[in-house]
Amino acid sequence: MGNAFDRMGDTIVAPATAVDRPAALAVVRLSGRSCDEVLGRVFRTGSSDLSTPRMLVLGYAHDCATGAVLDQCMAVRFPHPHSYTGEDCAELHLHGGPNVVRSVLASCVAAGARMASPGEFTRRAFLNGKLDLAQAEAVSALTSAESGLARRAALRQLRGGLSARINSLRERLLNVAAEVECRLDFGDGEVDDLPAGQLSQWLVDIRGAMESLLSSWRRGGCFVAGGVRVALVGVPNAGKSSLFNALSGRDRAIVTAHAGTTRDSLETTLEIGGLAVTLVDTAGLRDLRETDEIEALGIERSCAEMSHAQLVILVLDETQMPSDVSQVENDLRTRYDAWRASSGCAEEMPPVLCVYNKSDLLEDAERAQLAERQGALVVSAKTLVGLDELESTIARMVGAQETMSGDVSTTADLVTNARHAECLSAASQSLENAIATMESTESDVLTMVDVHLAIASLNELLGIDNPEELLDEIFEKFCLGK
């Protein structure tokens, strides 16, 4: 794939919208030096022309080999440098039939373009200085966002919010590096002396700002892009599937009066507290000694799902109330630990939320008494009573409320990308080493080594002097046409 990106002089083409299903509209995107020539061979108008930039013109897409009309459509030009990629760009706005799109793409290729690789448009934008690497990654995050918080965080990153903060930290570090190098070059007494401890304090302040950014990752930013997993577990016929359907708003799981109707895990994604939550309905947990091979396999899968989850909801049947809900939770943990030991899984049991279902079978006074006595949420998947409280509790337990607290959800910059968190963490560690060196040995040479390592980590985050292999790894995850 790297060879394709080396051909920056090529004109590239790709669908910017889905092509595997019919739609009202579809967009085909072109970029490169020969963009106008390719467009002229494929698109023809009547009395109008395409000389005015950024204005849609009605016309027809043709097969450039036979002249056959492929579609009535519209086209628009974006001359360089005022385009997404910084090159000459154009778009064809077509009817959204898959055959229409494929035919127009083939005509563009025959006219001199080549099919773009995934992420090649955004990679060209990055290489041409239209975006830094953090902004380029935000394009992918925005197109794959599954929650409001993920969308807002990606949009702010695309608009340069995170990059501005990283650039500010980088500039401050460069100033510190310049001060230290000046001392190394000219020696004591030849430059104006700083107050005692000033350089060290600058590094402490810069590291504190880095840790502030990193704290947003630790508080829940790590879940913003990918979301969280919540596993519904419990004995058969406790109402897990009914609760699954109620939370998801549709009947995905089979619900009958017979116990054990769920043997394979089902999952759906919904938004709770601004985060994308993947809800997983698992097989009922029986005594393994009393189950057949298929049932036991389902229970093993349930334990595996728990190991991947950030929260487990233990669903209990209020008509079969245990004397001690904590004992039920302990039994679940014991079973999970036994599976973990036999499977070699290293993941600890995630937090457990106990929920009593079927509260519609209780009187109001009984429902309140049950919640107070057992210390568990009481809900009804049938009447939806208690579901709002359940969703609020889920949001609190997976960290959504903390992530969105204060101005985080609207104005602050969240670190939501693991690569960014790794770069910031490495830079922070380098500064910690530099501070320790400065305070213990006062060696400017050793301090400079760590300061430059911190700068290098921030450069990697922003895409300054990054190796092609890293760029390949990042952009190959993009959709075609992005």
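**Exercise 1. At what angle do helix H5 and helix H6 pack, and how far apart are their axes?**

Before we start: this is a predicted model, where local features need pLDDT of at least 70, side-chain atom pairs count only at pLDDT 80 or more, and totals for chains, interfaces and linings use all residues. Residues are numbered from 1 along each chain as its sequence is written, and side-chain values use heavy atoms, leaving out hydrogens and water.

*Step 1.* Find the helices: H5 covers residues 133-143 and H6 covers residues 148-158. (Helices are DSSP runs of H or I with at least four residues, strands are runs of E with at least two, and numbering goes from the N terminus.)

*Step 2.* Read off the geometry: the angle is about 150 degrees and the axes are 8 Å apart. (Axes are lines fitted to C-alpha atoms, for helices over the stretch in contact; angles run from 0 to 180 degrees between N-to-C directions.)

*Step 3.* Give the angle a name: H5 is roughly antiparallel to H6 because of that angle. (The cut-off for roughly antiparallel is over 145 degrees.)

*Step 4.* See who touches whom. On the H5 side, the contact residues include Ala 134, Ala 138 and Leu 142, and on the H6 side they include Arg 151 and Leu 155. (Contact means heavy atoms within 4.5 Å.)

**Exercise 2. Is Ala 136 buried or exposed?**

*Step 1.* Check its accessibility. Ala 136 has 0% relative accessibility, so it counts as buried. (Buried means under 20% relative accessible area and exposed over 50%, with partly exposed in between, using a 1.4 Å probe and protein chains only.)

*Step 2.* Setting aside neighbours within four places in sequence, Ala 136 is in contact with Thr 122, Leu 131, Phe 475 and Phe 478.

*Step 3.* Zoom out: 49% of the 482 residues of the protein count as buried.

**Exercise 3. In what order do the seven strands of the open sheet come, and which are the edge strands?**

*Step 1.* Walk across the sheet: E3-E4-E5-E6-E2-E1-E7, with mixed pairing. (Two strands pair if DSSP finds at least two bridges between them.)

*Step 2.* Pick out the edges: E3 (43-44) and E7 (114-115) each pair on one side only.

*Step 3.* Zoom in on E3. Two bridges join E3 to strand E4 (residues 57-62), and the two strands run antiparallel. Here Phe 43 stands opposite Ala 61 in E4.

Conventions:
Parallel < 35°, antiparallel > 145°, perpendicular 65-115°, else oblique.
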